[in-house]
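This briefing goes through one chain by topic.

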Amino acid sequence: MTERAEAGTAGLRERKRAHSRATTVDVAMQLFADRGYDTVTVADICAAAEIAPRTFFRYFPTKEDVLAEPARQMAARLTAALAAAPAELDDGRALRRALRELGEYVVADRSRMAVFFQVAAAASAVRANPFLHLSGRERQLTEELLRRRSGSAPADWRTRLMVARALAAFRVWLDDLVAGEPADPLAHLDEVLAAR
């Protein structure tokens, strides 16, 4: 087999694995929504997703990690969007732009995200999992802002406060979105992010 063919096979295998993992998350979220997080077992998820327990545990160390996956994906998207922001943007504009991109992702995948937010609000595991709390991402985002500026000094309180305010605004927007309040969710996000 040629090197190119091997790379193609590896890429196909990785795409199938990613699809199976995403399907497992979707199936688990629906089970959690229908029956409650605490009553659903890993065996239930495996049966519904048509995977072996061994495969499940290759994807997720625990059931709680399945619950955390959408929040982990949101955090990764936010960090990547911030890292990709143009260097000429100041910290505040770069952060608002990254949060806007995250908002676009949430709105584009609204029905799936609605199930996640419903489940996360009701799940007892939420209190224990840091990936389910955007506020826990503040330090990581502050450090990403420092990397953008090629800074190695610790962030001052102003940068940390700006990140905390921006994430609090995003949480307010998410609450409004879940409640179904904004007619134009992205315009509402822009308004919330711009508020002082």
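Tyr37 has a relative accessibility of 9% and is therefore classed as buried, the cut-off being under 20%. The model is a predicted one. Tyr37 forms an edge-to-face ring pair with Phe32, because the ring planes meet at 65° with the centres 4.9 Å apart.

**Aromatic pairs**

- Phe32, the partner of Tyr37 in that pair, has a relative accessibility of 3% and so is also buried.
- The rings of Phe56 and Phe57 have centres 5.1 Å apart and planes at 85°, so this pair too is edge-to-face.
- Phe56 is buried, because its relative accessibility is 0%.
- Phe57 has a relative accessibility of 44% and therefore counts as partly exposed.
- Phe56 and Phe57 belong to a cluster, linked by ring pairs, that also takes in Tyr59 and Phe60.
- The count of aromatic pairs comes to six.

**Nonpolar core**

- The largest nonpolar core holds 53 residues.
- Met29, Phe32, Phe56, Met74, Leu99, Val106 and Phe170 have the most contacts inside this core.
- Helix H8 is the biggest contributor to the core, giving eight residues.
- In soluble globular proteins, nonpolar side chains tend to be buried together.
- Leu99 is in contact with Leu78, Ala166, Leu167, Phe170, Leu189 and Leu193, leaving aside residues up to four places away in sequence.
- Of these partners of Leu99, Ala166, Leu167 and Phe170 are among the buried residues of H8.

**Helix H8**

- H8 covers residues 157-179, which is 23 residues.
- The buried residues of H8 are Thr159, Val163, Ala164, Ala166, Leu167, Ala169, Phe170, Trp173, Leu174, Asp176 and Leu177.
- The cover over these buried residues includes helix H4 (63-84), helix H5 (91-108), helix H6 (110-122), helix H7 (138-148) and helix H9 (185-194).
- Asp156 caps the N-terminal end of H8, with a side-chain oxygen 3.1 Å from the backbone nitrogen of Arg158.

**Thr79 in helix H4**

- Thr79 is a residue of helix H4.
- The relative accessibility of Thr79 is 14%, so Thr79 counts as buried.
- Thr79 touches Gln140, Leu141 and Glu144, not counting residues up to four places away in sequence.
- Helix H4 is also one of the helices that cover the buried residues of H8.

**Overall fold**

- The chain contains nine helices and zero strands.
- Along the sequence the pattern reads α-α-α-α-α-α-α-α-α.
- Of the 196 residues in the chain, 42% are buried.
- Among contacts with a separation of 6 or more, 66% join residues 24 or more positions apart.
- The accessible surface of the chain is about 11100 Å², and carbon and sulfur atoms account for 53% of that area.

Key
Residues are numbered from 1 along each chain as its sequence is written. This is a predicted model: local features need pLDDT of at least 70, side-chain atom pairs count only at pLDDT 80 or more; totals for chains, interfaces and linings use all residues. Side-chain values use heavy atoms; hydrogens and water are left out. Helices (H or I, at least four residues) and strands (E, at least two) are DSSP runs, numbered from the N terminus. Buried means under 20% relative accessible area, exposed over 50%, partly exposed in between (1.4 Å probe, protein chains only). Contact means heavy atoms within 4.5 Å. Accessible areas come from the Shrake-Rupley method with a 1.4 Å probe; for residues, only the protein chains shown count as cover. The expected span of a helix is 1.5 Å times one less than its number of residues. A polar contact is a pair of N or O atoms within 3.5 Å; within protein, one must be able to donate a hydrogen and the other to accept it, and residues adjacent in sequence count only if both atoms are side-chain atoms. A nonpolar core is a set of buried Ala, Val, Leu, Ile, Met, Phe, Trp, Tyr and Cys residues joined through side-chain atoms within 4.5 Å. Rings of Phe, Tyr and Trp (its six-membered ring) pair if their centres lie within 6.5 Å; planes under 30 degrees apart count as stacked, over 60 as edge-to-face and the rest as tilted.
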